[in-house]
Structure formats: structure tokens, C-alpha cells
Amino acid sequence: GSDCTGIGSPEMALKQLKIPFDYEFASEIDPHAIKQLQYHYKPPNRFYTDLTTRNVADMRSVDLYVAGFHAKHGRRSENKRDLKIPRVVDSSLITY
């Protein structure tokens, strides 16, 4: 499963490595990334557009979990200034 899936890098890596996998769940809010996922990959068993509203207790466990939290704000802006954005992850969204 993956959260903040983006364009599907984990799925692409597994596919390139020829590792078979069942795509249990994914979450993504960006409509452009969702279009890319739908075009390139078989849809996951469950898809969430807002990972904060799902009930984690109802989810199946997975062998591989990848979270690619949004990186846009960590990149350099057009005028080459570094943006100072605190890195905060709500740990209540993730269970082990």
C-alpha cells in the first residue's frame, strides 16, 4: 500500500523489478497524479483521495508500505530561495 502515492514510483519499481504484487490501497489528492496512476496501473483494491478520513482499523495489513509525503514545498522556489517549511507528520495516521 502507499500514501501520498504521486505518480506511482513504488508501483513502477516493483513492476521494473518484475516483483508481482497485489495493490491493496493507495491515497492521492492531486488530480493529475491520480490520472497518471489510473493510466499506468491496475487500480488498487481501495483508493482514498483523503487519507485523513479513512478508518485505519478497517484496513488490511500489507507487506510493503510506502509514504511519499508531499515534496513540493521542499524544493527550491523559482528565485532560488530555500523555503523553510517544518516537517510534521501526524503519526496517528500511520499504524505499524
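Reader: Which residues of helix 2 are buried?
Author: In this predicted model, the buried residues of helix 2, which spans residues 31–40, are A33, I34 and L37. They cover an arc of only 100° around the axis, and therefore they lie on the same side of helix 2.

Reader: And what is exposed on the other side of helix 2?
Author: On that other side, P31, H32, K35, Q38 and Y39 are exposed.

Reader: What do the buried residues of helix 2 pack against?
Author: Their packing partner is strand 3, which covers residues 46–48.

Reader: Anything at the start of helix 2, say, which side chain reaches the backbone nitrogen of H32?
Author: That would be D30, which at the start of helix 2 brings a side-chain oxygen to within 2.8 Å of the backbone nitrogen of H32.

Reader: OK, over to helix 1: which residues are buried there?
Author: In helix 1, the buried residues are P10, E11 and L14. Here too the question of sides can be settled, because these residues cover an arc of only 100° around the axis, which puts them on the same side of helix 1. On the other side of helix 1, K15 and Q16 are exposed.

Reader: Which strands do the buried residues of helix 1 pack against?
Author: The buried residues of helix 1 pack against strand 1, residues 2–3, and against strand 4, residues 66–67.

Reader: Next, E24: where is its place in the chain?
Author: E24 belongs to the loop between helix 1, residues 9–16, and strand 2, residues 25–27.

Reader: Is E24 buried or exposed?
Author: E24 has a relative accessible area of 9%, and because the cut-off for a buried residue is under 20%, E24 counts as buried.

Reader: What lies over the face of Y48?
Author: R54 lies over the face of the Y48 ring, at 5.2 Å from the ring centre.

Reader: Last topic, the overall picture: what is the pattern along the sequence?
Author: The protein has two helices and four strands, and read along the sequence they follow the pattern β-α-β-α-β-β.

Reader: What about burial, contacts and surface for the protein?
Author: Of the 96 residues in the protein, 27% are buried. Among contacts between residues at least 6 apart in sequence, 49% join residues at least 24 apart. The accessible surface comes to about 7900 Å², and 54% of that belongs to carbon and sulfur atoms.

Technical notes. Residues are numbered from 1 along each chain as its sequence is written. This is a predicted model: local features need pLDDT of at least 70, side-chain atom pairs count only at pLDDT 80 or more; totals for chains, interfaces and linings use all residues. Side-chain values use heavy atoms; hydrogens and water are left out. A charge sits over a ring if NZ of Lys or CZ of Arg is within 6 Å of the ring centre and within 35 degrees of the ring normal. Buried means under 20% relative accessible area, exposed over 50%, partly exposed in between (1.4 Å probe, protein chains only). The arc is that of the directions from the helix axis to the C-beta atoms. Contact means heavy atoms within 4.5 Å. Accessible areas come from the Shrake-Rupley method with a 1.4 Å probe; for residues, only the protein chains shown count as cover. A polar contact is a pair of N or O atoms within 3.5 Å; within protein, one must be able to donate a hydrogen and the other to accept it, and residues adjacent in sequence count only if both atoms are side-chain atoms.
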